[in-house]
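I opened this two-chain entry to look up its folds, its contact and a few single positions. My notes are set down in the order in which I looked.

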Amino acid sequence: MKLARLLILTLGALLAISGAVPLLKRILADTKPSVQLEVKNAQPREVEDVTQNAIVRDYTLAWQAIGTSLANNTLQPLNDNFAGFALDKLTQRVKDQKQNGLTTRIVDHGHKVEAIFYSPDGAAIELKDTASIETQVLDGGTVIHSDQAQIQYYAVMTGAEDRWKVRVLESTAK
Amino acid sequence: MRKVIYIGLVIALCWFAEDCARAAELHVPQNAVAGQPLSIGTSGSGTLYLIGPGQVIKRDFKSGGAVEIKGEELRSAGRWIAAVSGSSKESQVFWVKPGKPGRLNFLARPSRVPVARPNVISGVTFIFDQYQNLILDPTPVNFNLSVGGAGSSKSVTSREGVAWINSASAPKAGAAQFVASVDATTVTRVVQQVAADPCERSFHMHVAGHAGNRLIVETDPIRDCSGNPVPDGTIVTFIQTDKSGKSTVDSRIKKGTARAELPASDNATITMAAGVVLGNELHVGGK
């Protein structure tokens, strides 16, 4: 009898874990997208190891900020990770979304990023990103658009006070 | 009973047909360009949302027809979503291309550079349309670096939105105009070209006189190897060595020359240096 109870308890626990693991993975995927950076084709300057690590860290944070800002219509995450034209555009998008009662949910399945240009003085880097992204646009609580696609982005990042910030972020048809 | 079912089916069919007739359909453009008007075909009635990378446009529409978007409204290039909500729901993705070049981001480095050095000035240009969209199509960019009307020009075709060059500094000192241009869009940066280190061939000093028990030494006008005067304020170090030891004086160039007062000595050797360049050696006193 005791053995049967233990067996049921174990099965229950396994069932709970099997449900929780994908959920946890999904949550982690939402909060921290994976970014793989390739730098061997960067010109005219070679990307230093320290810079590579910083770019991966800060580009990841930038995408995390996009997800948070578009889902909640908040600007602070953008201000921390974007500058210049990219900040202007994303800020306008969030304001327009808010005004029209829209939100955008992004499930980020990862980025394959290639550094294609690194300026001679090391102040700016251009990235070509193939992103795998699931997008849902909601009008109030109703989903009005949903798709999953591989999207190509070009990003220009420049060094700021304590991190690299995204200055340009543009999607393009492959 | 059969009649009732038949009537019910007919009603359901009519309802469905009416719904289909009112259902919105979307016809999104294939070649939209930022800054140019856009027409989106719809049918039925509802609300059209256009969700772009940097903006959202909302339009209510009734009884079908095309929804017209003005050129100045369509500012963001990239991936757009057109979604209809209303009697039915439909959405599609379409792309908007950037417009013509209208803005340049031009980074010129450094702001101050010695003359006649190879590959010391770099110019990087990112090309945008007037709505801040990066233009990824190859675009020729003209770079021109000139001092006092004389200079060099080079055309570089951009690749994935960026064009860059490395350039030598001119032999002549002065404020160089570094210009990047695409069609009628021009951006200018100033690179101050300053004289390089003093030229060893002409870096000479002589005894200029005595002041009490002090010896005054002065340099000839100090120039770099291209003949540009080395800027005032550059430090020249004079070192006098005699039996009592070593005396060092750091003097700044003033009006083209440097001058120092050293202790009078009956047998001393005086040397001078500016940066890594050594001047002539003077022997004073002695037999």
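**Conventions.** I note that this is a predicted model, in which local features need pLDDT of at least 70 and side-chain atom pairs count only at pLDDT 80 or more, while totals for chains, interfaces and linings use all residues. Residues are numbered from 1 along each chain as its sequence is written, and chains are lettered from A and ligands numbered from 1 in the order in which they are written.

**Chain A, overall.** I looked up the secondary structure of chain A and found four helices and six strands; helices (H or I, at least four residues) and strands (E, at least two) are DSSP runs, numbered from the N terminus. The pattern along the sequence of chain A reads α-β-β-α-α-α-β-β-β-β. Chain A is more spread out than a compact globule, because its radius of gyration is 20 Å, well over the 16 Å that the globule rule gives for 174 residues. The radius is taken over C-alpha atoms, and the rule is 2.2 Å times the number of residues to the power 0.38. I read the span of the C-alpha trace of chain A along its principal axes as about 75 × 40 × 35 Å.

Of the 174 residues of chain A, 35% are buried. A residue is buried if 20 or more other C-beta atoms lie within 10 Å of its own, exposed if 12 or fewer, and partly exposed in between, with C-beta atoms placed from the backbone.

**Domains and one position.** The assignment for chain A gives domain 1 (1-31) and domain 2 (33-172); such bounds come from an automatic or database domain assignment. The C-alpha centres of these two domains of chain A lie 35 Å apart.

I then checked A:Leu11, which sits in helix α1 (residues 2-31) of chain A. A:Leu11 counts as exposed because it has 10 C-beta neighbours inside 10 Å. I also looked up A:Pro44, 33 residues from A:Leu11 along the chain, and the C-alpha atoms of the two are separated by 59 Å.

**Contact of A with B.** I find 34 residues from chain A and 32 residues from chain B in the contact; two residues are in contact if their C-beta atoms, placed from the backbone, lie within 7 Å. On the side of chain A that touches chain B, the elements giving two or more residues include α4 (84-100) and β3 (102-118) of chain A. The most comes from α4(A), with nine residues.

**Chain B, overall.** Chain B has one helix and 23 strands. Its radius of gyration is 37 Å, well over the 19 Å that the globule rule gives for 287 residues, so chain B is more spread out than a compact globule. The C-alpha atoms of chain B fill a box of roughly 140 × 35 × 25 Å along the principal axes. Buried residues make up 34% of the 287 residues in chain B.

**One sheet of chain B.** I traced an open sheet of three strands in chain B, with the order β9-β11-β14 and antiparallel pairing; two strands pair if DSSP finds at least two bridges between them. The edge strands are β9 (101-109) and β14 (162-167) of chain B, each pairing on one side only. Strand β11 (residues 121-129) of chain B pairs with β14(B) in the antiparallel sense over six bridges. I noted that B:Gly123 stands opposite B:Ile165 in β14(B).
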